[in-house]
Amino acid sequence: MTIRDHLLSGGEGLQHKTSPNHGREFGAGLPDTIILHYTAGSSAESSVEHFMSPSAGASAHLVVGRNGGITQLVPFNVTAWHAGRSEYQGRVGFNQYSIGIEMDNAGPLEKTGGGYTAWFGRVYPESEAVKAVHRNEVQPAYWHCYPEKQISAVLDICILLVDHYGIKTILGHEEISPGRKRDPGPAFPLDKLRDRVLNRDRSLDTEPEPEYTRRSGVVTASSLNVRFAPNVAAPTVLPPLSQGTVLDVLREAQGWYEVAVAVRGWVKKDYVQV
Ligand SMILES: [Zn+2]
């Protein structure tokens with residue numbers, strides 16, 4: 001799967017629809033955040049229908065089904081109405097900063113005689129209920145589980161978006177609208193996904209670890225940016241290195257060295273003497 005003209009392309013089970021519930025194009029340098037949601041609905045299809053209706057006044061960019069199937073409703077260069085009233089670390093109104101991903105999930109479940117019941121009345125078996133404490137709450141509650149296929153599709157999308165748009169932050173709706181919103185809830189491995197996507201521990205990647213030949217290098221520029229990817233548009237991963245900094249050169253690609261200092265990142269090879 002890739003991103004072409006701000007649309008996902010080439011994925012299995014991928015479809016494109018058009019929602020009227022969007023704003024204008026993002027401002028310069030945006031989007032830089034992904035917001036994850038659950039639909040609190042009964043199926044991906046019904047949520048897609050809902051987001052396509054003008055009267056809903058809401059839509060995310062994507063809806064991800066429980067089987068990993070993806071529907072894109074709004075292109076990634078345009079703001080979608082998914083976050084509502086929201087605030088985090090001094091920023092307000094996250095629609096203008098973020099790509100919204102909705103995951104088909106019933107949300108909180110109530111333990112009833114016959115199983116676990118969603119707000120819309122469907123009863124789920126025990127195998128689909130997760131007992132957990134929400135990050136904003138103190139008492140455990142029951143939540144609809146997220147299947148592995150769905151989590152893995154969201155992980156793949158997040159990695160694509162980080163690489164394509166230089167996304168720096170992944171947050172749950174529950175973190176930008178605490179008290180008002182509980183999604184994606186504790187059944188979703190948000191902290192793990194965030195760590196895996198943003199800190200990109202290579203040992204967890206599906207691609208095999210490349211062969212490294214460790215060489216020592218010295219920074220020759222007065223100040224040198226270390227970037228997340230071999231690309232001048234990629235975000236930096238730590239404050240610039242100063243001249244004379246010794247680093248390990250791990251490999252070379254497209255005119256860049258991947259290096260290890262305190263963390264791993266990429267520097268322009270012109271500025272490192274090996
Ligand atoms: Zn939400």
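**View 1. Where domain 1 meets domain 2.** Helices α2 (148-165) and α4 (190-198) each give at least two residues to the side of domain 1 that touches domain 2. That side is made up of 3 nonpolar, 1 polar and 4 charged residues. In this grouping, Ala, Val, Leu, Ile, Met, Phe, Trp, Tyr, Cys and Pro are nonpolar, Asp, Glu, Lys and Arg are charged, and the others, Gly among them, are polar.

A word on what you are looking at: this is a predicted model, where local features need pLDDT of at least 70, side-chain atom pairs count only at pLDDT 80 or more, and totals for chains, interfaces and linings use all residues. Residues are numbered from 1 along each chain as its sequence is written, and side-chain values use heavy atoms, leaving out hydrogens and water.

**View 2. The two domains together.** Domain 1 covers 2-204 and domain 2 covers 215-273, with bounds from an automatic or database domain assignment. In the contact (heavy atoms within 4.5 Å), domain 1 takes part with 8 residues and domain 2 with 6 residues. Their centres, taken over C-alpha atoms, are 34 Å apart.

**View 3. The zinc site.** Which residues hold the zinc ion? They are His37 (ND1), His173 (ND1) and Asp183 (OD), at 2.0 to 2.1 Å. Donors are N, O and S atoms within 2.8 Å of the metal (3.2 Å for Na, K and Ca); water is not among the atoms, so sites may look incomplete. Along the chain the donors follow the spacing H-x135-H-x9-D. His37 sits in strand β5 (residues 33-38) and His173 in helix α3 (residues 173-176), 136 residues apart. Helices (H or I, at least four residues) and strands (E, at least two) are DSSP runs, numbered from the N terminus.

View 4. Most residues other than glycine have a negative phi, and most peptide bonds are trans. Leu30 and Pro31 are joined by a cis peptide bond, with omega about 0°, and Pro31 is in the loop between β4 (22-25) and β5. The bond from Asp183 to Pro184 is also cis, with omega near 10°. Asp5, though not a glycine, has a positive phi of about 50°.

**View 5. A salt bridge.** Arg66 and Glu128 pair through their side chains at 3.8 Å, N to O. A salt bridge is a side-chain nitrogen of Lys or Arg within 4 Å of a carboxyl oxygen of Asp or Glu. The whole structure has 10 salt bridges.
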